[in-house]
Amino acid sequence: MQGNPRSIANILNASSAYRIPPYQRAYQWEAERWQGLAHDVQQLTMKPKGDPPHWLGILLLSDDTGTKHPGDDSVQSYTVIDGQQRLTTTILWLAALAHHAKDNGRAIKLDVSKFAALHVQEIDRLPFKVALEGKWRLAKNAPLLGKRPLQAYAYFRYLLHLGTDALAEEESVKYQQLMPEKAKGSYEAQWDQFLATKRGSGVPRGQAVDCELLAQTTRTEMSLFSLIHDPKTDESQATIFDTLNGMRTPLEPLDHVRNSLFVRLPEADAKDLYEKEWKDTEDAIRNVRMKRMASEKVFLYDYLIAHGEKRRQKALNANRGAAHFSVMTRNMDGDALLELLREDLLPSMASWPVVVRQSDTYRHAGVKVEIPVAATQLLTSLYDLSANPANPIALHFVTQFALGNVESDELVEALLYAEAYIVRQMLAGKSLSPLRARIMDVMGKFDRSIVPADLLTELQASVWPTDDEIKDIAHEKPAYADLGARPVTAILRGIEAELSGAGSMFFVHGKKPNEYTIEHLFPQKHAKWDADIAAWGADPADMSHRLHALGNLAVVTGAHNSAVGNSTFADKKAYPTKPGKKVAPMAINAGWLAEPQWTEEEIDKRTDEFITSALARWSF
């Protein structure tokens, strides 16, 4: 890795040209970032002479024969691996300064046409060109005002219109989207109208800006650290970027993975693969909404675990997914990378939305594969049981099924083993923490086998409570209160499948009145039960001990739970337990509906029946 700090003047020297490869994201920075750049420049105009230049970050460029850094005395073309956002923003800022000065009749020694060429993404090309040429007022360009590069340029022009106080603000200032000048008047008039409103009244104004000083300060007092990357010898781009730029990186791990792969492929292959296979597949992953972590980060972590990388890299960290991937692919040449992409990574990316229950269909590069219903039901149960930790097992086998390497019955078999692995731990009262780490170990030892029996062997060697452990805990320490409604629903759904056989009702947990939920037959608030408990000769303390026992839980509609959740046993039996007359009664409800009373004896009996059914389903 060769690196040098370079001033913006050197970076933008006309002897250099930069190209953003098609597989990178389009320009995405927003007002917070734009304001940050303007603020930094304004502050630098007041810094003491002799202070070192202000560091903007890194500019990570591709390796070329006879490496030269921007500003050397030769024409050199670069592919921008990382840094396109700050590079694009800086050019737009300088263009805004040049054009603002010209529009206000002020001299400025800044010729935008002599900047280094920057070839941006196709989607950004026209608005970027319009901004650089200052043709944003033309009626034909009005539809481009909503495009991000032109939004950035317009924001900079707005700040310059406001004056020095606006530049000095650390937070972005209030502004509104511009309308075509032909319809609403000049942009400056639109800004002044906004500033006269209540919303715009607090926007800071100030003295007229000195565009020449701001431009000179940007070009000479700000620098980027130029790095020339060699993928054969250097650490991953992700590791380098994170080390130098800390938490300010705008890239997600999957961005680093994409860049590190495509930059090592022939340009024609990279462009074709990106447009035809990668782009839509990546978008499908990004469209998945997750609560605690970005979806692309979860996918990459799942993929590495499914790939068995724990066996080779010893430890895997979700926050270092791109670095782990770089280690995995470090010694691969172009042909090996293409094979990995087409036969492994891209199919896994296409499978992941199925795994996290966003789809029942595998779609990739024109191929559509319907996942068998029995498999999708098991995938739903796995996700209900553990949310994400079981993803790697599911991801591996769904991908292999989509590729035609395993049959549908083998897919179902493997998923059933994974379901049993989790349920048996739950029924035995075992802590699932750290379930992800256990599955990581399992997949490392499994090492990408496609034989379900091999998976079962590794799961049983990990944590596999005995039948006796499960039977003992069912009465001694009912642990279902710690599981939550969705996992308990998944367990009862499996028991229903065992009791009813093929075609059993696949109920899911929901919050609407006609959806299903878990109800305690002997309720948590049981004042209405006092008379019946006394009449039945039951012990209130023994009943409370069994409150969360499996045998005291029923699957009912939300309407049932709301209406009679805390009512007497007779009221519960009298209320419909299913939405609509056409839905067959569930076998798991038949027992309690037939009982004349509900005491500790009936709860224990039903618990034993459920445990027997559970062990029948989840034993092999």
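Trainee: Okay. What should I know before reading any values?

Mentor: This is a predicted model: local features need pLDDT of at least 70, side-chain atom pairs count only at pLDDT 80 or more, and totals for chains, interfaces and linings use all residues. Residues are numbered from 1 along each chain as its sequence is written, and side-chain values use heavy atoms, with hydrogens and water left out.

Trainee: How many helices and strands does the chain have?

Mentor: There are 29 helices and ten strands. Helices (H or I, at least four residues) and strands (E, at least two) are DSSP runs, numbered from the N terminus.

Trainee: And what box do the C-alpha atoms fill?

Mentor: Roughly 100 × 60 × 45 Å, taken along the principal axes.

Trainee: What share of the residues is buried?

Mentor: Of 620 residues, 53% count as buried. Buried means under 20% relative accessible area, exposed over 50%, and partly exposed in between (1.4 Å probe, protein chains only).

Trainee: What percentage of contacts join residues at least 24 apart?

Mentor: Counting pairs at least 6 apart in sequence, 73% join residues at least 24 apart. Contact means heavy atoms within 4.5 Å.

Trainee: Let's switch to charges. How many salt bridges are there?

Mentor: The count comes to 33 salt bridges. Each is a side-chain nitrogen of Lys or Arg within 4 Å of a carboxyl oxygen of Asp or Glu.

Trainee: How accessible is Lys129?

Mentor: Lys129 is partly exposed at 44% relative accessibility. Glu133 is partly exposed too, at 37%.

Trainee: Which residue does Glu181 pair with?

Mentor: Glu181 meets Arg137 in a salt bridge, 2.6 Å from N to O. This pair links distant parts of the chain: Glu181 sits in helix H7, and Arg137 in the loop between H4 and helix H5 (148-162), 44 residues apart.

Trainee: Is Glu181 buried or exposed?

Mentor: Glu181 is buried, at 18% relative accessible area.

Trainee: Got it. What does Arg357 bridge to?

Mentor: Arg357 bridges to Asp360, with the closest N and O atoms 2.5 Å apart. Arg357 is partly exposed at 21%, and Asp360 is partly exposed at 38%. Elsewhere, salt bridges that share partners join Arg25, Asp255, Arg258, Glu282, Arg286 and Glu296 into one network.

Trainee: Back to Arg357. Which residues does Thr380 contact?

Mentor: Arg357 is one of them, along with Arg493, Phe506 and Val508, leaving aside neighbours within four places in sequence. Thr380 lies in helix H17 (residues 373-386). Thr380 is buried, at 14% relative accessible area.

Trainee: Why is helix H15 called largely enclosed?

Mentor: Because eight of the nine residues of H15 (residues 321-329) are buried. Among them are Gly321, His324, Phe325 and Met328.

Trainee: New topic. Where is Lys47?

Mentor: Lys47 is in the loop between helix H2 (31-44) and strand S3 (54-62). Lys47 is buried, with a relative accessible area of 18%. Not counting residues up to four places away, Lys47 touches Pro52 and Glu221. Lys47 and Glu221 are 174 residues apart in sequence, yet 9.5 Å apart in space, C-alpha to C-alpha.

Trainee: And Ser7, where is that?

Mentor: Ser7 is in strand S1 (residues 2-7). Beyond its neighbours within four places, Ser7 contacts Arg219, Met222 and Ser223.

Trainee: Last one. Is Glu171 buried or exposed?

Mentor: Glu171 is exposed, at 57% relative accessible area. Look in the loop between helix H6 (164-168) and helix H7 (181-184).
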